[in-house]
Amino acid sequence: MKRKVSKRDRLRLVRLVSAIAFILTGIIPGRIAIAFHQAPIPQTILVLGSASERMEFAARFWQSHTNLDIWVSDYAWNLDVNRRIFQQFDVPNQRLHLDGRATDTVTNFTTLVEDFVRQKLQHIYLITSDYHMKRARAIASIVLGSHGIAVTPVGVPSRGDKSETLVRVLRDCGRSVVWIFTGRTGASLNPHLML
């Protein structure tokens with residue numbers, strides 16, 4: 001037997017959705033603004049993996065920011081190759097933090113956010129391919145922004161790749177919101193859809 005949803009239940013649902021929307025549209029932008037104010041210059045570099053040209057770009061970028069550490073979020077099996085690329089550009093190992101826990105773009109951020117908080121980082125350079133930046137920046141704004149961390153994007157020029165679709169951006173923004181409230185990204189549901 002189907003239960004009919006009462007007006008009172010619908011009103012509660014509307015209030016819940018409104019409260020969530022308020023949190024996301026009010027608190028996160030406020031925390032990001034505070035982070036920009038307290039740390040106007042980025043304090044570290046985050047590189048999203050899966051492309052060697054991103055690593056090479058980041059290594060060159062680091063050469064004009066040698067006081068910063070580099071964090072790489074990638075698949076575990078790419079980390080040795082990434083380390084060799086950075087070594088070719090004389091990036092010292094003590095400046096390099098390679099993390100192989102990520103399985104997709106959302107987990108690039110959710111696996112590292114606590115590390116950034118422990119390091120008291122409030123502002124990071126975000127390096128990824130230009131076609132991927134819209135989605136990465138949206139996810140970063142939600143995941144990192146919810147922890148008071150701002151990002152400055154630095155796009156790696158790509159060879160004619162088209163910008164990612166709005167559907168992918170919205171899907172991963174939704175997954176990021178779910179992560180804020182549950183601690184889960186949904187990455188295990190269908191790994192082939194999450195890249």
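Which residues have the most contacts inside the largest nonpolar core? They are Leu46, Phe109, Phe116, Ile124, Leu126 and Leu144, in a core of 20 residues. The model is predicted.

**Nonpolar cores**
- Helix α6 gives the largest share, five residues.
- Leu126 touches residues that include Leu46, Leu48, Phe109, Met133, Ala136 and Val154, leaving aside residues up to four places away in sequence.
- A second, separate core has 19 residues, among them Ala58, Leu68, Val91 and Val154.

**Helix α2**
- In α2 (residues 52-62), the buried residues are Arg54, Met55, Ala58, Ala59, Phe61 and Trp62.
- These residues lie on the same side of α2, because they cover an arc of only 160° around the axis.
- The buried residues of α2 pack against β1, β2 (69-73), α3 (79-88), β4 and β5 (150-156).

**Aromatic pairs**
- The count of aromatic pairs is four.
- Trp71 and Phe116 form an edge-to-face pair, because their ring centres are 5.2 Å apart and their planes stand at 80°.
- Trp71 sits in strand β2 and Phe116 in helix α5, so this pair ties together parts 45 residues apart in sequence.
- Trp71 is buried at 8% relative accessible area, and Phe116 is buried at 0%.
- Tyr75 and Trp77 are stacked, with 4.8 Å centre to centre and 5° between the planes.
- Trp77 counts as exposed, with 65% relative accessibility.
- Phe57, Phe61 and Tyr125 are linked into a cluster by ring pairs.

Note on methods:
Residues are numbered from 1 along each chain as its sequence is written. This is a predicted model: local features need pLDDT of at least 70, side-chain atom pairs count only at pLDDT 80 or more; totals for chains, interfaces and linings use all residues. Side-chain values use heavy atoms; hydrogens and water are left out. A nonpolar core is a set of buried Ala, Val, Leu, Ile, Met, Phe, Trp, Tyr and Cys residues joined through side-chain atoms within 4.5 Å. Buried means under 20% relative accessible area, exposed over 50%, partly exposed in between (1.4 Å probe, protein chains only). Helices (H or I, at least four residues) and strands (E, at least two) are DSSP runs, numbered from the N terminus. Contact means heavy atoms within 4.5 Å. The arc is that of the directions from the helix axis to the C-beta atoms. Rings of Phe, Tyr and Trp (its six-membered ring) pair if their centres lie within 6.5 Å; planes under 30 degrees apart count as stacked, over 60 as edge-to-face and the rest as tilted.
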